Amino acid sequence: MGSSPSPPAPFNVQKVAVIGAGPSGLAAAKYLQAQDGAFPRIDVFEQQAEVGGVWNYSAVPRPPETVPVPQTDAHPAGPDPPVYIEKGQGGDRGVPLFPSPMYDDLHTNIPHTLMKYSDLAFPDGCEIFPTREVVEEYLVEYARDVRHLVKFSTQVTDIRLRQDDSGRDQWDVSATDLLSGKETQETYDAVVVASGHYSTPYIPDGIEGIREWKTAYPGVISHSKVYRSPDAYRDKKVIVVGTGASGLDIASQILRVCKSPLLLSAQSGAPAETLAHLGPNVQQVGQIRRFLVEERGVEFSPLESDGDNDGEGTNEAKEKETRTEKDIDAILYCTGYLYTFPFLTTFADPPLITDGRRVHGLAKHFLHINHPTIAFPGLPIKVIPFPLSEAQGAVLARLWSNELPLPSRSVLEEWERADGDGAKPGKYHVFPKGGDGRYINGLHDWLKSEENSRGKEPPYWDKQMLWQRSVYAEAKMQFEKTGKKAKTLEELGFKYEPEESVKSVEEVEKKDPQLDIAG
């Protein structure tokens, strides 16, 4: 008797669209291209004129007045329009720009020996915490093998799902060439949405008087997305809201030129080591409780201690400890961004976005459960993004080429539930310290569990990489104290000792989690 025919392969992916040529999109394109010809057509759509994503610096920010105050809308009407800077003579408006949040004086928070992609080192001789210029050049170099796949200055405007005659998902991708104005539509078997999550600022609503204050003093409230240098804050009384990596770095720049002290506003206190590093010209205050229009001032809630119950103090305590500051010249919100996909407005199975604090319906933070031919790499926050995106790209390449079996729907749904275990509200994609190491190695082990699975080697963090992950926040502070010139961790007093250093992800997670400054 003849053997029964094999069941059809789960995927029949020939054409792949990658949206974005930033760190995540480039990694995905590299792994897809390396999959031994499995994907004859790979198109990378990039609205900028160069690769790099958030690292693609523009000296000209988007006009501050284009940022609404407050800003909690995660459903923009469409993609951001470009900013055109006149170039040359004859009225040529030049290349379309999409200003990123990258500011003038920026060194990475991550040592390049940990930040790098697994198959490309940073250039010899650069600082251990490289400048934004070095990272931008590094990404251009990393893109060399896939540059021919990129459609530059091309903005994706719409992606729609439909099924072909056999019931397989198909994706109709509409795009506009921003140089010629030509509009196109093509159908793809799979889509990688690597458009980043640093486009739509978040400025909280629900604060008494914020709208009236913004109307009375236009331009005084802004967001870190439009920050470029501290010059605009010279001799001004300034509040910086937020103590994430960007907030602390920007505060350290502004405090050198603004009126002393700079007021650093947050719900709870920053680590003592961080405040000591910033110096005496900073005072930490609680969250803004209300805006006082007539006084051009604000009232702060009390700063919460670690012992407070998740930010819920008594009203009596807040009345006693509130603080008022008047004659404020500038308020800079460094409060992060919302997840938005303005080109996916008709895709609602389930709705991808509700309040913009997470992306719904994903397993392992990137693979869509109901429609696994669309993926969203690069969403996690407080991680080392380049190798994490590599690990995700490796999974997609093997999954869509049928080298890696697709887990059952029940398994994918369980993964989604597990991904959110222990996460605070609004922090679904925020990893704990060391969570990126666990994630990268977990995806590596998943790929390696299929003995005959072929594809480009995914990254894996050994003990030395885990050690770097555990010490880099302290090393960055030492790097700044010593003039930002060190080229190795050892120069900063951090030497890897195999017998004494951390040996597991669990040890990384336990080591000074409050000092984590990953992006």
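The model is predicted, so local features need pLDDT of at least 70 and side-chain atom pairs count only at pLDDT 80 or more, while totals for chains, interfaces and linings use all residues. Residues are numbered from 1 along each chain as its sequence is written, and side-chain values use heavy atoms, with hydrogens and water left out.

**Exercise 1.** Describe the surroundings of Tyr227.

*Solution.* 
- Step 1: locate the residue. Tyr227 sits in the loop between β11 (221–223) and β12 (238–241); strands are DSSP runs of E with at least two residues, helices are runs of H or I with at least four, and both are numbered from the N terminus.
- Step 2: check accessibility. Tyr227 has a relative accessible area of 2%, so it is buried (under 20%; exposed is over 50%, partly exposed in between, with a 1.4 Å probe and protein chains only).
- Step 3: list contacts (heavy atoms within 4.5 Å). Leaving aside residues up to four places away in sequence, Tyr227 touches Pro101, Met102, Tyr103, Tyr233, Ile250, Gln253, Ile254 and Leu332. Tyr103 is 124 residues away in sequence, yet the C-alpha atoms are 6.3 Å apart.
- Step 4: look for a polar contact (N or O atoms within 3.5 Å; within protein, one able to donate a hydrogen and the other to accept it, with residues adjacent in sequence counting only if both atoms are side-chain atoms). The side chains of Tyr227 and Gln253 make one at 2.8 Å.

**Exercise 2.** Work out how β7 pairs with β6 and β8.

*Solution.* 
- Step 1: apply the rule that two strands pair if DSSP finds at least two bridges between them. β6 (residues 154–163) and β7 are antiparallel over 9 bridges, and β7 and β8 (residues 183–188) are antiparallel over 6 bridges.
- Step 2: find partners. Arg160 is bridged to Asp172 in β7, and Trp171 stands opposite Tyr188 in β8.
- Step 3: inspect the turns. The β6–β7 hairpin has 5 residues between its strands, with Gly167 at a positive phi of about 90°; the β7–β8 hairpin also has 5, with Gly181 at about 80°.
- Step 4: In β7 (residues 169–177), 8 of 9 residues are buried.
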